[in-house]
2 protein chains.
Amino acid sequence: MTENPGQTKELGVALLGMGTVGAEVARILVENADDLAARVGARLVIRGIAVRNTERDRGLKELGLKKSLLTDDAEALVGRDDVDIVVEVMGGIEPTRSLMLSAFKAGKSVVTANKALLAEYTGQLADAANKARADLYFEAAVAGAIPVIRPLQQSLAGDSVELVAGIVNGTTNFILSNMAEHGDPYEIVLKEAGRLGYAEADPTADVEGYDAASKAAILASIAFHTRVKADDVHREGITGVTAADIEAAKAFDCTIKLLAICEKFTDASGAQRVSARVYPALVPVKHPLASVDGAYNAVFVEAENAGRLMFYGAGAGGAPTASAVMGDLVAAARNKVVSGRGPRDSAYAKLPIAPIGEVLTRYYVAMEVTDRPGVLSAVANEFSARDVSISTVRQQADTPDQGARLVILTHKAPDAALSATVEALKKLDVVTAVSSVLRLEGTND
Amino acid sequence: MTENPGQTKELGVALLGMGTVGAEVARILVENADDLAARVGARLVIRGIAVRNTERDRGLKELGLKKSLLTDDAEALVGRDDVDIVVEVMGGIEPTRSLMLSAFKAGKSVVTANKALLAEYTGQLADAANKARADLYFEAAVAGAIPVIRPLQQSLAGDSVELVAGIVNGTTNFILSNMAEHGDPYEIVLKEAGRLGYAEADPTADVEGYDAASKAAILASIAFHTRVKADDVHREGITGVTAADIEAAKAFDCTIKLLAICEKFTDASGAQRVSARVYPALVPVKHPLASVDGAYNAVFVEAENAGRLMFYGAGAGGAPTASAVMGDLVAAARNKVVSGRGPRDSAYAKLPIAPIGEVLTRYYVAMEVTDRPGVLSAVANEFSARDVSISTVRQQADTPDQGARLVILTHKAPDAALSATVEALKKLDVVTAVSSVLRLEGTND
């Protein structure tokens with residue numbers, strides 16, 4: 001902290017990145033400077049802004065900031081003596097990770113929104129922060145403005161979290177909500193999402209669930225005090241979800257959502273395991289997550305003592321994400337003022353991560369079958385042969401070629417048994433095609 | 001902190017009170033001792049439990065706790081050298097306040113669930129905590145297990161909160177939800193709530209809005225960095241809400257909820273003011289708060305950058321409230337371990353509190369009128385005479401005595417103008433009775 005005799009104390013901030021979020025962070029730091037100073041007990045002063053291209057106009061003048069704050073030497077900026085806190089909103093893995101390690105080495109605290117980096121390197125970064133007695137905050141990495149990291153890490157620190165189920169990707173939620181509302185097919189709605197700015201030119205990270213998987217890894221790590229990486233997360237995207245699936249879900253009083261699920265459970269041997277998975281799933285319309293529509297995010301939590309909680313809000317966007325960054329920045333700054341620190345990374349539990357095959361889930365299976373006697377018996381036989389109990393069977397209107405559509409909901413069974421059943425169904429003569437396999441979540445059966 | 005050479009560090013906890021919440025806190029401290037130790041970095045050990053009657057069996061044996069932990073000398077317990085953190089779940093104003101001040105004087109941190117005490121004495125208690133460089137945490141005082149104090153105080157510390165609107169009283173929400181679902185009158189549902197344990201023998205604090213007003217004062221204080229006391233909160237209860245009101249609300253696609261509203265606004269002179277108020281209000285069914293039913297609580301927040309957020313969960317009950325207490329206890333303990341401290345009380349903004357008359361609200365007015373030409377014109381005239389703009393007029397089915405029921409929704413207007421209009425309506429010849437006056441919240445008109 002820089003001491004200015006006779007003046008208010010200052011804390012220096014290095015801003016890495018000046019994209020949508022970075023620009024909003026700079027704006028808030030300038031516009032709310034007095035309030036922030038009162039809340040922190042020191043003035044937050046931007047010492048420099050690291051960008052790739054220092055020539056581009058970034059609206060600094062309108063904010064009353066000097067253009068000379070821009071630098072393309074992020075390493076030098078992070079190392080400056082008058083920088084106390086580094087705000088990383090540049091994204092990417094390298095050189096971002098190295099810059100953060102440099103920051104910790106120099107005793108600076110770091111606030112980041114970088115989910116991909118955290119989902120891979122939280123352990124290394126947290127260790128570096130601990131060694132330096134500095135803070136690593138990352139509320140903005142999951143679900144934008146919605147406070148979810150802090151509630152899990154602090155508010156529920158005396159409880160035992162059993163389930164986190166989140167709608168944490170706005171693009172896919174926009175697509176699925178619109179498919180449900182208008183009955184349009186996936187490809188049409190994806191195009192519309194791109195046109196409206198809800199989907200990127202290459203939507204792979206969103207629609208294939210990579211983005212949600214990173215967030216699931218971060219949420220599971222915190223909820224279960226166990227290191228979970230993106231690769232530990234079972235991942236399925238929404239590209240296979242059809243208008244017919246959404247129709248069928250409605251018939252079961254359900255809607256389809258891309259969920260990031262983090263679950264703690266006791267396996268057959270009595271040991272605790274955790275599971276982290278991302279897939280599109282049927283959710284009963286009465287479940288609080290079912291009504292979270294459009295680009296909104298929500299995170300549903302079940303804890304032993306707190307019971308069922310839900311956090312809802314804007315999951316993306318410059319200003320909402322900047323709000324989360326600013327909350328962390330104020331926390332890190334308050335800690336600098338009192339020479340304290342925030343909650344340390346907690347990974348003591350080291351719970352083993354269960355492969356998807358061992359996880360108990362419910363399946364929704366839609367198939368085209370020949371329309372003759374004995375079909376249901378042959379199909380049901382494949383389920384019972386693998387100890388999978390059927391909850392509901394629904395035969396839908398005959399298809400044009402005189403076949404029929406059979407939709408089955410199962411009770412909970414190990415995912416491996418369910419997926420083996422589906423493979424067996426595909427080989428049955430009476431089954432023309434297994435058109436859809438989705439899970440059903442948010443029920444207690 | 002007690003140092004045991006060669007052993008894990010210990011932190012001593014004094015538990016004041018052993019009611020529903022206290023018993024759950026003791027249970028969690030015992031059952032989750034190892035996890036808590038790993039999360040805190042020190043073992044949390046109960047040094048004593050202050051109760052009025054030390055003879056009563058409180059299930060300590062089942063928890064493996066010695067009966068000798070019970071004491072009726074709370075002052076001595078709080079003052080013990082081996083007590084680091086005081087958990088106050090005994091309730092009441094005195095001797096509770098004095099005990100908390102003693103705790104701070106001795107450098108101990110305090111975790112409390114005492115909304116009535118906080119709504120009156122937060123300033124004094126926070127000053128004592130600051131002086132001692134100790135922590136005062138109170139997540140459990142508002143909305144049970146739902147993290148709402150910490151999100152407002154920390155997650156949104158870099159944002160500007162504009163509105164907090166909460167369903168923060170489970171008793172009244174149970175009553176209003178049941179009235180809406182079954183169409184039963186208030187008195188019948190209140191009895192049912194009492195029978196099911198959702199309402200106390202004397203339900204005054206809940207149904208007259210005193211409980212919600214305490215919580216509104218706490219929420220407003222934190223959200224606006226301004227000291228707001230329970231007396232500053234405008235308060236109306238739900239005893240006057242009728243089945244007819246709920247019917248009429250449905251006709252406007254609304255439901256009726258008891259809301260605790262904390263709002264920051266700019267007055268006519270351009271100055272910022274805050275308002276805190278509790279009353280039953282019509283809420284559009286599409287608003288996230290409308291679907292919060294039964295004994296659940298929810299807090300809706302609007303902030304300049306974060307946008308709209310909502311926090312939802314169990315608002316009362318032993319285990320949920322204990323979960324919130326435990327989160328605070330872990331936070332206070334972590335701070336003791338690193339000799340740090342949590343966020344200090346922040347009341348720098350000192351915004352003036354607007355009297356209810358100056359607050360802009362929308363009114364719902366139901367009245368019995370004589371069924372003859374010119375009635376609507378006479379009624380409308382009283383609104384326009386006070387610059388109150390009418391949004392919707394609905395004439396309901398004729399009443400048995402050949403009168404009619406007129407229901408009017410207004411646009412936003414100063415509450416004083418609205419209430420003057422209602423007084424004038426009562427004096428009109430054509431108005432037999434003004435049967436109901438409620439506000440409409442959760443719209444942008």
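User: Let's start with E200(A): is that residue buried or exposed?
Analyst: Bear in mind that this is a predicted model. E200(A) has a relative accessible area of 57%, so it counts as exposed, the cut-off being over 50%.

User: Where in the chain does E200(A) sit?
Analyst: You'll find E200(A) in the loop between α8 (186–195) and α9 (204–207) of chain A.

User: And which UniProt annotation covers E200(A)?
Analyst: According to the unreviewed UniProt entry, E200(A) falls under the annotation "binding site".

User: OK, new topic. How many cavities of 30 Å³ or more are there?
Analyst: There are five cavities of 30 Å³ or more in the structure.

User: What's the volume of the largest cavity?
Analyst: The largest cavity comes to about 220 Å³. Its lining has 24 residues, and those closest to the centre are F138(A), Q153(A), R344(A), D345(A) and S346(A).

User: Which helix gives the most to that lining?
Analyst: That's α5(A), with four residues. Chain A elements that each supply at least two residues include β6 (136–137), α6 (149–155) and α10 (210–224).

User: What about domains, which ones does the lining of the largest cavity draw on?
Analyst: At least three residues come from domain 1 (10–144 + 319–338) of chain A, and at least three from domain 2 (148–315) of chain A.

User: How do the lining residues divide into nonpolar, polar and charged?
Analyst: For the largest cavity, ten are nonpolar, eight polar and six charged.

User: Now the second largest cavity. What lines it?
Analyst: The second largest cavity holds about 130 Å³ of space. It has 13 lining residues, with L136(B), Q153(B), P343(B), R344(B) and D345(B) nearest the centre. The largest share of this lining is three residues from α5(B). By type, the lining of the second largest cavity has seven nonpolar, two polar and four charged residues.

User: How many residues apart along the chain are G123(A) and R227(A)?
Analyst: They are 104 residues apart along the chain, with 7.3 Å separating their C-alpha atoms.

Conventions:
Residues are numbered from 1 along each chain as its sequence is written. Chains are lettered from A and ligands numbered from 1 in the order in which they are written. This is a predicted model: local features need pLDDT of at least 70, side-chain atom pairs count only at pLDDT 80 or more; totals for chains, interfaces and linings use all residues. Side-chain values use heavy atoms; hydrogens and water are left out. On a 1 Å grid over the protein atoms alone, a cavity is a set of points where a 1.4 Å probe fits but cannot get out, and a pocket is an open set with protein on both sides within 12 Å along at least five of seven lines; lining residues have an atom within 4 Å of a point. Grid points are joined across faces, edges and corners, and a volume is the space filled by probe spheres set on the points. Ala, Val, Leu, Ile, Met, Phe, Trp, Tyr, Cys and Pro count as nonpolar, Asp, Glu, Lys and Arg as charged, and the others, Gly among them, as polar. Domain bounds come from an automatic or database domain assignment. UniProt positions are given in the numbering used here, feature names are shortened, and annotations may be inferred rather than shown by experiment. Buried means under 20% relative accessible area, exposed over 50%, partly exposed in between (1.4 Å probe, protein chains only).
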